[in-house]
Amino acid sequence: MEQIIQQLKEQLIEALNLEEIKPEDIDPDAPLFGDGLGLDSIDALEIILILEKNYGIRLENTAEAKPHFYSVRTLAQYIVSQQDK
Amino acid sequence: MRIAVTGIGIVSAAGIGKEQTLATLRASRSGLVAAPSHFRTRHALPVGEVAPNNEELARRLGIRHCTSRTALLGIVAASEALADAGAATTDNRRTALVSATSVGGMDLTENFFPDFIRDDRSGRLRMAAHHDCADSTIAIARYCGIDGFTTTLSTACSSAANAILVASRLLRHGVVDRVVAGGTDALCRFTLNGFKSLQILDPAPCRPFDASRCGLNLGEGAAYLVLERADETRNPYCLLTGAANTNDAFHQTASSADGQGDYLAMRKALETAGLSPLDVDCINVHGTGTPNNDRSEGVALRRLFGNEVPPFASTKPVTGHTLAAAGGIEAALAVLSLHHGEIYPQLNFTTPDPELNLVPVTRYIRRPIRNILSNSFGFGGNCTALLFSNRP
Amino acid sequence: MKTHCYIERYATSDMLPTDIKALIPDATLRRRMSRFVRTGVATAMCCLDADSESGEAIDAIITATGFGCLTDSEKFLRNVIEQHEELLNPTPFIQSTFNTIGAQIALLRGYDCYNVTYAHRGLSFESALLDAAMQLDEGTARRILVGAADEQTPSQHRIMERMGCWRKHRDGEGAAFLLLQATPTREPSPCIEEIDFPETRLDDDTIRRRYAVEQILRCDTPQSECYPTAVARILTQAVAPAAGKQIRIAVCNNYMEAQPSVIVVSC
């Protein structure tokens, strides 16, 4: 789990071009959207691509997947749960 | 100073020319097809295509040289508009062309580029030469013999509405005596994939303002109005009495929850006309079918009109969302609606969105219309409303 | 057309600091910007920031670009081709829209005013200027931010090289923004007095006579950087040295020998 969290942080920084943010700056439990990292709807689309490209996870229903996008940790948990399937 | 609409030219999935377009709209038919046929793509999504391919369009127009589809569609519509307006009372140097496009000659560029990225010495240059937005405008002006001021606007999906707004300004200032104003956009792989990457394309026919709406269908086409100063014309279709462009200043792609930009555009268009919301008899809404757009536009309608929202409909289920051309196509449809005293129905609507509780016109109605609004909104928070009126 | 556009301030991309974070404080907007959008927006903000003490509203934002956001367009097009239309990043598509610079200025400042973009090759900036002049003239606007930007990219340069464009011209890029007013804040203020579109390129003598100017600045000299909206930056050069006596200058554009224009400015 910790390894996926670390990997996800690096992928987020790269895909979203989060200049000046280092992986250790991202609190895995902080909200990704709104207050925390301040991501928006365009970033959500980029995260969907991270899941698909790197983890082979295809989101069919984005509305249902919304809770998994809360934080880096919930995303990592979602990835693990999908990989176990 | 009053500005008159004296000519209309239109081409879209609903048909080529005014007559075909009206027949499609009056019969409540959709022009959408199940998948694009004029270019190769792996996305089998419904689109509003103009039926003839490039070769057929070029032959029809007697054009032999390499021309982008955007320019071909523009030429079809602009030359119809000029013919419809009749012989010019002034020389062609006093006629301007204000055209809008968002893709320009991308339909050619995207066929040039695969060769070019393999080897930068290859790729047919004549296909890269039409890339920029100005190219289609210059091609239209040349074909139609327009020798006056010529320019191109590009503000995403509100582009053509802005072209019409700017045209009225050129006339008021006496820069020219006649303006051909509107927009053109061809469907291409670039835009289809762009909107696909945004995940806002509905795999089924779009359902603007419906509770079940989940995206838009793209389309292609072109439409132009001929505008002149009203005191110099006889028997115009109608007057362009109001026009406004505002900015939502909320997000690069998403519209605000309070529909501020949409609301301001409609309100200011009414202000420029000196009319009140009660004077509006009909609205051709932007109504793309995306959850976000229709919610913002719906909220803006409620803010401006309260419980008295006039009859409204989106014609995008018929034509698809034609991007930079949409504001021109929908302005042309608004003018026809006003002129013939009829409201074209919105297809595919069944269930009102409980959040908005707005129900569009779903069947063809004949009734006199005094003033009609046409809304066009685009990326970058760009919001434009045009108001056409039967009486001054 | 005769005009009365007083140039209150201007900024060009040459004036930008290396770190533009202070000019574009919004990190989310900044991280999505290509060099082109970043330069254009920063130049606009530079022009506006210098003006912030006035506290007066801007009534319109009018931008111009000949070729638009080439880097983002190319990035998205490449992805479409190389990834066979699958798993495409939406960001370059979103950012490739021609009105991106104008839109980002509106977002940064919360400006809900008129905001349009002209993309008409060598006459993009003149179109924007004409629009601004008409609005100042009719009184629907008092203060307008008008500007232009174009970028040079390896692909664009190579394609135009194959077309033979660089045999007579030097490729270039840049951004320039001007804050125009209907009435001058101080006297004397440089003023754009005419925008004209002659049918052919006029020689110096004809220009001197027709526009009653003492000086001529041309965008198509071999030394000039040649890009569709270069005229905007040349216009700021005309305004720059206004020391002492008042003169009239004609700024002449004729991008790729196709679309001549003359902007007459007194300063």
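Modeller: Let's start with a term: a salt bridge is a side-chain nitrogen of Lys or Arg within 4 Å of a carboxyl oxygen of Asp or Glu. In general, side chains of opposite charge can pair when their charged atoms come close. By this rule there are 8 salt bridges across the interface of chain B and chain C. One pair to look at is Asp132(B) with Arg121(C), where N and O are 2.7 Å apart.

Biologist: What should I keep in mind about the model and its numbering?

Modeller: It is a predicted model, in which local features need pLDDT of at least 70 and side-chain atom pairs count only at pLDDT 80 or more, while totals for chains, interfaces and linings use all residues; side-chain values use heavy atoms, without hydrogens and water. Residues are numbered from 1 along each chain as its sequence is written, and chains are lettered from A and ligands numbered from 1 in the order in which they are written.

Biologist: Back to the interface, then. How many residues of chain B are in contact with chain C?

Modeller: Contact means heavy atoms within 4.5 Å. With that cut-off, 65 residues of chain B touch 57 residues of chain C. Buried area is the accessible area (1.4 Å probe) that two parts lose on being put together, summed over both. Chains B and C bury about 5000 Å² between them, 63% of it on carbon and sulfur atoms. On the chain B side, Arg169(B), Phe190(B) and Gln252(B) lose the most area, together 13% of what that side buries.

Biologist: How many residue pairs are in polar contact there, and which element of chain B gives the most residues?

Modeller: A polar contact is a pair of N or O atoms within 3.5 Å; within protein, one must be able to donate a hydrogen and the other to accept it, and residues adjacent in sequence count only if both atoms are side-chain atoms. The rule finds 30 such residue pairs between chains B and C, both residues at pLDDT 80 or more. Helices (H or I, at least four residues) and strands (E, at least two) are DSSP runs, numbered from the N terminus. Several elements of chain B each supply at least two residues, including helix H4 (106-118), helix H8 (189-197) and strand S7 (238-247). H4(B) gives the most, with 8 residues. That side of chain B divides into 26 nonpolar, 28 polar and 11 charged residues; here Ala, Val, Leu, Ile, Met, Phe, Trp, Tyr, Cys and Pro count as nonpolar, Asp, Glu, Lys and Arg as charged, and the others, Gly among them, as polar.

Biologist: And what does chain B share with chain A?

Modeller: These two bury about 410 Å² between them, 60% of it on carbon and sulfur atoms. Leu198(B), Gln199(B) and His251(B) lose the most area on the chain B side, together 75% of what that side buries. The contact involves 5 residues of chain B and 6 residues of chain A. The salt-bridge count between chain B and chain A is 0.

Biologist: Is Asp131(C) buried or exposed?

Modeller: Buried means under 20% relative accessible area, exposed over 50%, and partly exposed in between (1.4 Å probe, protein chains only). Asp131(C) has a relative accessible area of 1%, so this residue counts as buried. Asp131(C) sits in helix H6 (residues 124-138) of chain C, and its side chain makes a polar contact of 2.7 Å with the side chain of Tyr114(C). Beyond its neighbours within four places in sequence, the contacts of Asp131(C) include Val166(B), Arg169(B) and Ile62(C).

Biologist: Which residues have the most contacts inside the largest nonpolar core?

Modeller: In soluble globular proteins, nonpolar side chains tend to be buried together. A nonpolar core is a set of buried Ala, Val, Leu, Ile, Met, Phe, Trp, Tyr and Cys residues joined through side-chain atoms within 4.5 Å. The largest one here has 89 residues, and those with the most contacts inside it are Leu225(B), Leu227(B), Phe388(B), Ile62(C), Phe125(C), Leu180(C) and Ile192(C). Helix H7 (residues 159-172) of chain B contributes the largest share, 9 residues. Another core lies apart from it, with 33 residues, among them Leu187(B) and Leu77(C).
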